[in-house]
Amino acid sequence: MTGRRLVFAAKLVVSAGLLLFLLHKVQLAPVLGRLADAGAAPMLAAFAVFLGQMALTALRYARVGDALGAPMDAATALRLGLVGHFFGQALPSAVGGDAVRIWMATRLGIPRGRAASAVLCDRGVAFLVLMGIALACAPLFLARVADAAARLFLLAPALAVAGAAIAVALAREANLAWLGARGVPHAPLARARDIRATTRGPGAAASVALALAAQRGFIASVWLAARGLGLAIDLADSLVVMPPVIHATLLP
């Protein structure tokens, strides 16, 4: 029992330290002032939509884990997702939160390789859906952004989606067996099989649908929060702005 108390105390210290770090980096007075003037209804709606988005993300994570031999129920996936999201806010990028998710999954008895693949493929599905949204909103982006250099941003989602389509097409078992017979290490071939299982397996369509709903929910929650703060931003603006912002959080 003493050991458990020590672990719990360590968790409290780490969590408190991360919160203090965040508070140190943020000027609270202007933030609290804006929140005091915010409209209650849109802010509550934004929070509710955000919670729904987190639930959809957890369901997607659980489905991807089931497809890759890292099974967990939806409640466990939600718990790991919330903890990972917290660390993603405190650490330099969302990648830190993913590392925490992998570590927590291994503590549940999931092999490290399977836990890592589940997190990476889950992130990959979300990323590709996000890039698809960015491409679908290209006309809105071009109508709002006149700078030629900024317009080159549209090449990123196009290349990402095209590269993913090529990778999935090449990740056929016959191709992977051919590469394995010629000395390609097991690890990249295993990751390629995981990608194919995630994108072409029985639950692939459901995972993509959940990713689409979750990303749209996050964009909607930002739009609702902006409305609550009195910012003149319409939903189309959020569709244009949020995909590159979310993409940037994945960078170390």
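Phe218 is partly exposed, with a relative accessible area of 22%; residues count as buried under 20%, exposed over 50% and partly exposed in between, using a 1.4 Å probe and protein chains only. The structure is a predicted model, in which local features need pLDDT of at least 70 and side-chain atom pairs count only at pLDDT 80 or more, while totals for chains, interfaces and linings use all residues. Residues are numbered from 1 along each chain as its sequence is written, and side-chain values use heavy atoms, with hydrogens and water left out.

Two aromatic pairs occur in the structure. Rings of Phe, Tyr and Trp (its six-membered ring) pair if their centres lie within 6.5 Å; planes under 30 degrees apart count as stacked, over 60 as edge-to-face and the rest as tilted. Phe50 and Phe218 have ring centres 6.4 Å apart and planes at 55°, so this pair is tilted. Because Phe50 belongs to helix α3 and Phe218 to helix α12 (residues 204-228), the pair ties together parts that are 168 residues apart in sequence. Helices here are DSSP runs (H or I, at least four residues), numbered from the N terminus. Phe50, at 21% relative accessibility, is also partly exposed. The other pair, Phe86 with Phe87, is edge-to-face, at 5.4 Å centre to centre and 85° between the planes. Phe86 is partly exposed at 26%, whereas Phe87 is buried at 19%.

Spanning residues 40-67, α3 has 28 residues and reaches 41 Å from its first C-alpha to its last, close to the expected 40 Å; the expected span is 1.5 Å times one less than the number of residues. Its buried residues include Met54, Thr57, Ala58 and Tyr61. An α-helix has 3.6 residues a turn, so residues three or four places apart point the same way. Arg101 lies over the face of Tyr61, 4.6 Å from the ring centre; this requires CZ of Arg, or NZ of Lys, within 6 Å of the ring centre and within 35 degrees of the ring normal. Just after α3, Gly69 takes a positive phi of about 80°.

Which class supplies 11 residues to the lining of the second largest pocket? The nonpolar class does, alongside one polar and three charged residues; nonpolar means Ala, Val, Leu, Ile, Met, Phe, Trp, Tyr, Cys and Pro, charged means Asp, Glu, Lys and Arg, and the others, Gly among them, are polar. Helix α1 gives the largest share of this lining, seven residues.

How values were computed:
Helices (H or I, at least four residues) and strands (E, at least two) are DSSP runs, numbered from the N terminus.
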